[in-house]
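This report covers a pocket, a helix, a strand residue and the nonpolar cores of one protein model. The sequence and structure come first.

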Amino acid sequence: MDFTTLFLSHGSPMMVLEDTPTRQFLKDLGRTMPRPRAVIVASAHWQTREPVLGFAAWPDKINDIYGFPAELYQLAYAPPGAPEVAAQAADRLGAVCRRDPGAGIDHSIWSVMSLMWPEADVPVVPMSVQPRAGAAHHYFLGRRLAPLVADGVLVIGSGAATHNLEDYFRRKVTAGIEPQVAEFTAWLAETAERGDVAALLDYRARAPHAEHNHPTEEHLLPFFVALGAAAHGEATRLHRGVDSGVLAMDAYGFR
């Protein structure tokens, strides 16, 4: 698959253990994509006031999860870091960026990477999001990273196409897709695939049920980093699915 950046919905970390369509999609994606020299992963679960990049040579696995089986905490996944790539990225982001030599990889990073590259041989640079800064801020962070993409670095945004946990915990696993979720994800796919960046950046005003599906923005903000870093902003929805009727597991590739 010839995509320069990705947005991946990571959902529950249980997908690392359970046989789900998203798990199989991620495994297949890792096998079919050209292997990058490194990945920069904008994580919905690393939230900071200003952009931060991880500079660790061997980032620790962070078990930022609660109430899961012991097997998930014991999962060993230890890819190398990429300090040189992190330095290049930090230079591109400029004075707004902070460098963290001890940053590890949280579950929004290790859950997807362990499925795509189970040998843990693809170097990773974690990147934070700024939950109050909005879509345009993250899009322009991505634009600054675009030259690295041209040099073989893959930018991944790891978040969720919809993320209303209140809905998730009150719904049954077998529940049908919530209409509000279906309408929002259809709008997101149609708008992204026609390359309407202005509408995407204004999604909270233009998309149906935007605030309901994203009461807070942190899980969609990685989408805009990936969109901005893409060479042309051309999007393809690579995978679709909904967990418990409300958490959309959609994935996008950008050219």
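## The largest pocket

Helix 6 is the top contributor to the lining of the largest pocket, giving three residues. In this predicted model, the pocket has a volume of about 490 Å³. Its lining consists of 25 residues, and Gly11, Ser12, Pro13, Leu165 and Tyr168 are the closest to the centre.

At least two lining residues come from each of helix 6 (165–170), strand 8 (242–243) and strand 9 (247–248). Empty space of this kind is found by rolling a probe the size of a water molecule over the atoms.

Helix 3 spans residues 83–93, and its buried residues are Val85, Ala86, Ala89, Ala90 and Leu93. These residues lie on the same side of helix 3 because they cover an arc of only 135° around the axis.

What do the buried residues of helix 3 pack against? Their partners include four strands that can be listed by range: strand 2 (38–47), strand 3 (52–54), strand 4 (98–100) and strand 5 (124–129). Helix 5 (134–149) and strand 6 (153–159) are also packed against by these residues. Just after helix 3, glycine 94 has a positive phi of about 80°.

## Threonine 5

Threonine 5 sits in strand 1, which covers residues 5–9. Is this residue buried or exposed? Its relative accessibility is 0%, so threonine 5 counts as buried.

The side chain of threonine 5 reaches the backbone oxygen of alanine 226 at 2.8 Å. Neighbours within four places in sequence aside, threonine 5 is in contact with Val149, Leu154, Val155, Ala226, Ala229, Ala230, Tyr252, Gly253 and Phe254.

In soluble globular proteins, nonpolar side chains tend to be buried together. Here the largest nonpolar core has 46 residues, and Ile40, Leu53, Phe223 and Phe224 have the most contacts inside it. Helix 11 (residues 221–229) supplies the largest share of this core, seven residues. Another core lies apart from it and has 30 residues, among them Leu26, Val39, Val112 and Leu115.

Which residues does phenylalanine 224 touch, leaving aside its neighbours within four places in sequence? Phenylalanine 224 is in contact with Ala135, His138, Tyr139, Leu200, Leu201 and Tyr203.

Terms used
Residues are numbered from 1 along each chain as its sequence is written. This is a predicted model: local features need pLDDT of at least 70, side-chain atom pairs count only at pLDDT 80 or more; totals for chains, interfaces and linings use all residues. Side-chain values use heavy atoms; hydrogens and water are left out. Buried means under 20% relative accessible area, exposed over 50%, partly exposed in between (1.4 Å probe, protein chains only). The arc is that of the directions from the helix axis to the C-beta atoms. Contact means heavy atoms within 4.5 Å. A polar contact is a pair of N or O atoms within 3.5 Å; within protein, one must be able to donate a hydrogen and the other to accept it, and residues adjacent in sequence count only if both atoms are side-chain atoms. A nonpolar core is a set of buried Ala, Val, Leu, Ile, Met, Phe, Trp, Tyr and Cys residues joined through side-chain atoms within 4.5 Å. On a 1 Å grid over the protein atoms alone, a cavity is a set of points where a 1.4 Å probe fits but cannot get out, and a pocket is an open set with protein on both sides within 12 Å along at least five of seven lines; lining residues have an atom within 4 Å of a point. Grid points are joined across faces, edges and corners, and a volume is the space filled by probe spheres set on the points.
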